[in-house]
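Visitor: Hi! Could you walk me through this protein model?
Guide: Happy to, let's look at it together.

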Amino acid sequence: MPAERIHRIDIGWQDLFKPILGLKTAPEDDPLINQIAIRKETLPIILVPGIMGSRLKQAAGGDKVWDPDAPIMMGLKYGLRSNPGKRKDLLVGESSHQTDYLNVDPDNAKVPETGRDRGWGAVAWRYYGAILGALAGHEWPSPLDVCFDLPVYAFGYNWTDSNHASGRALADYIDRVIDEQGRIQPCRQVILVTHSMGGLVARSACKLHGAESKV
């Protein structure tokens, strides 16, 4: 018997829901296998945490201001013995209109190496580490796993600033993620997983800053 011949047909995942064209037949004494190869697409998942779920540091000097993963520091700065005025100054500076006072702190030693380039360090690991790990390690069922790669990102934001400003930053982040993944294989949209205030930030990104068609 002759060896089986392979006839490869490349299709996009969208074509799975249409009749597949180009299939070939062959006589029994010359067996032929039609092999369907699906061109996958990347669909990144971006976690947007709630208020106080992002780690913050001072823009000038880089001193840590808010880090739920550092309980001793948090206790000293925000515990019962701390001064209310100093607590206010730590989070908003001398003026509530000082929007450039704080930056997101992405450097978190508790985050696995695999997530550091995807923004995981910017969010409080003690609150969001479990869901980030679960999403990243999840075995997606077919046909989802056949059609898509779903890398997991996180977006930290300055929750002392306005949702308008944070939404603009998220829209920019979505563009960067799509561009990064699009260099590997097609990537046109993302999935946003939001918690609490993160939903308002996501809505701001979509409705006010042009991200809706990318989500």
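This is a predicted model: local features need pLDDT of at least 70, side-chain atom pairs count only at pLDDT 80 or more; totals for chains, interfaces and linings use all residues.

Visitor: Okay, at what angle do H6 and H7 cross here?
Guide: The axes of H6 (residues 163-182) and H7 (residues 197-208) cross at roughly 70° and come within 7 Å. Angles of 65 to 115 degrees count as roughly perpendicular, so H6 is roughly perpendicular to H7.

Visitor: Is that crossing left-handed or right-handed?
Guide: The crossing of H6 and H7 is right-handed.

Visitor: Which residues meet there?
Guide: From H6, they include Leu170 and Ala171, and from H7, Leu200 and Val201 are among them. The contact residues of H6 with H7 comprise eight nonpolar, five polar and no charged.

Visitor: New topic: how much space lies in the largest pocket?
Guide: About 220 Å³. It has 15 lining residues, and Val104, Pro106, Gly119, Ala122 and Tyr173 are the closest to its centre.

Visitor: Which helix gives the most to that lining?
Guide: H6 does, with three residues. In the lining of the largest pocket there are eight nonpolar, four polar and three charged residues.

Visitor: And the loops? Where is the cis peptide bond?
Guide: It joins Ser142 and Pro143, with omega about 5°. Pro143 sits in the loop between H4 and H5.

Visitor: What about phi of Met52?
Guide: Phi of Met52 is near 70°, a positive value in a residue other than glycine. You'll find Met52 in the loop between strands S4 and S5.

Note on methods
Residues are numbered from 1 along each chain as its sequence is written. Side-chain values use heavy atoms; hydrogens and water are left out. Axes are lines fitted to C-alpha atoms, for helices over the stretch in contact, and angles run from 0 to 180 degrees between N-to-C directions. Helices (H or I, at least four residues) and strands (E, at least two) are DSSP runs, numbered from the N terminus. Angles under 35 degrees count as roughly parallel, over 145 as roughly antiparallel, 65 to 115 as roughly perpendicular and the rest as oblique. A crossing is left-handed if the near helix is turned anticlockwise from the far one by less than a right angle, and right-handed if clockwise. Contact means heavy atoms within 4.5 Å. Ala, Val, Leu, Ile, Met, Phe, Trp, Tyr, Cys and Pro count as nonpolar, Asp, Glu, Lys and Arg as charged, and the others, Gly among them, as polar. On a 1 Å grid over the protein atoms alone, a cavity is a set of points where a 1.4 Å probe fits but cannot get out, and a pocket is an open set with protein on both sides within 12 Å along at least five of seven lines; lining residues have an atom within 4 Å of a point. Grid points are joined across faces, edges and corners, and a volume is the space filled by probe spheres set on the points.
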